[in-house]
Amino acid sequence: MKLIGTYVSPYARRVAAALVSRAIPYEHEDLNGYTNPARARELNPVGKVPVLVLDDGERLIDSGAILDHINELAGPKRALIPASGAARRAALRLSAISTTVCEQITALYLEQQRHPGSAQSELLERYSQQIIGGLKALDAASQSNGPIGTRSMDIATLSAIVAFEYIPRWYPDLDRASVAPALTTIAAALADEPAFARTRPPAS
Ligand SMILES: N[C@@H](CCC(=O)N[C@@H](CS)C(=O)NCC(=O)O)C(=O)O
């Protein structure tokens with residue numbers, strides 16, 4: 001199968017991290033949906049990466065749906081998503097928080113690009129509060145024996161670390177270590193895990 005999407009995209013990267021963590025082989029095409037929108041639209045009606053092309057040519061879109069498929073491929077012993085109950089609900093909630101943090105970081109960055117040098121607007125402040133609120137929730141789940149941690153490379157941990165590492169490129173003013181100290185510790189402990197080391201995009 002082939003994963004299409006630059007690892008600068010946290011959505012493509014969390015899919016890649018899941019594939020690497022479950023030792024599922026894949027080819028990679030380094031497509032950036034922003035710089036090559038025509039190719040992205042050819043592959044996905046809404047013009048975004050990641051896209052996962054299965055061996056029979058079927059194309060899966062949206063990182064959440066793709067991770068659901070990878071979860072099926074991985075099987076219950078190496079599941080990415082707990083099968084049921086409170087653990088499943090918590091993992092999916094944390095996954096959603098991580099992707100929303102990334103969305104709001106992108107929105108904040110694009111808003112800053114539109115109005116360079118402008119004073120803190122109400123919109124920027126709202127985005128910033130959403131990002132900080134999300135990070136604090138991820139941090140609360142990263143306390144010892146919480147659902148995010150070095151023991152559980154599931155959808156919650158993979159997505160949280162990818163979101164955490166997405167911050168400095170686009171929102172360098174945010175002091176991640178003070179907002180999310182427990183997550184900072186876990187990210188440092190997992191930095192050399194193949195799932196993250198092999199999918200980390202080069203610094204810009
Ligand atoms: N909900 C989607 C979001 C994907 C997404 O926003 N991808 C961005 C890259 S970070 C993209 O390709 N954007 C191109 C565009 O919006 O034109 C997912 O989880 O896969």
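This is a predicted model: local features need pLDDT of at least 70, side-chain atom pairs count only at pLDDT 80 or more; totals for chains, interfaces and linings use all residues.

Reader: Thanks. Which residues surround the ligand?
Author: The ligand is surrounded by Ser9, Tyr11, Gly33, Tyr34, Gly47, Lys48, Val49, Pro50, Asp62 and Ser63. Residues are numbered from 1 along each chain as its sequence is written, and side-chain values use heavy atoms, with hydrogens and water left out.

Reader: Okay. How far is a nitrogen atom of the ligand from Val49?
Author: A polar backbone atom of Val49 is 2.8 Å from a nitrogen atom of the ligand. This is a polar contact (a pair of N or O atoms within 3.5 Å; within protein, one must be able to donate a hydrogen and the other to accept it, and residues adjacent in sequence count only if both atoms are side-chain atoms). For Asp62, a polar side-chain atom lies 2.9 Å from a ligand nitrogen atom. In the side chain of Ser63, an N or O atom is 2.6 Å from an oxygen atom of the ligand.

Reader: And how much of the ligand does the protein cover?
Author: On its own the ligand has 520 Å² of accessible area, and the protein covers 81% of that. Such areas come from the Shrake-Rupley method with a 1.4 Å probe; for residues, only the protein chains shown count as cover.

Reader: Back to Asp62: where is it, and what is its phi?
Author: Asp62 sits in the loop between strand 4 (59–61) and helix 3. Its phi is positive, about 75°, although Asp62 is not a glycine. Helices (H or I, at least four residues) and strands (E, at least two) are DSSP runs, numbered from the N terminus.

Reader: What kind of peptide bond joins Val49 and Pro50?
Author: The bond is cis, with omega about 10°. Pro50 belongs to the loop between helix 2 (37–43) and strand 3 (51–53).

Reader: Is Ser9 buried or exposed?
Author: Ser9 counts as buried because its relative accessibility is 10%. Buried means under 20% relative accessible area, exposed over 50%, and partly exposed in between (1.4 Å probe, protein chains only). Ser9 lies in the loop between strand 1 (2–4) and helix 1, and a polar atom of its side chain is 3.1 Å from the backbone nitrogen of Ala12.

Reader: New topic: which residues touch the most other members of the largest nonpolar core?
Author: They are Ile70, Ile148 and Leu183, in a core of 54 residues. A nonpolar core is a set of buried Ala, Val, Leu, Ile, Met, Phe, Trp, Tyr and Cys residues joined through side-chain atoms within 4.5 Å. Helix 6 gives the largest share of this core, 10 residues.

Reader: What does Ile70 touch?
Author: Leaving out residues up to four places away in sequence, Ile70 touches Val15, Ala18, Leu19, Ile24 and Leu80. Contact means heavy atoms within 4.5 Å.

Reader: Which residues of helix 8 are buried?
Author: Ala182, Leu183, Ile186, Ala187 and Leu190 are buried there. They lie on the same side of helix 8 because they cover an arc of only 135° around the axis, the arc being that of the directions from the helix axis to the C-beta atoms. These buried residues pack against helix 5, helix 6 and helix 9.

Reader: What about the face turned away from the buried side?
Author: That face of helix 8 carries the exposed residues Thr185, Ala188 and Ala189.

Definitions and conventions
A residue is near a molecule or strand if one of its heavy atoms lies within 4 Å of it.
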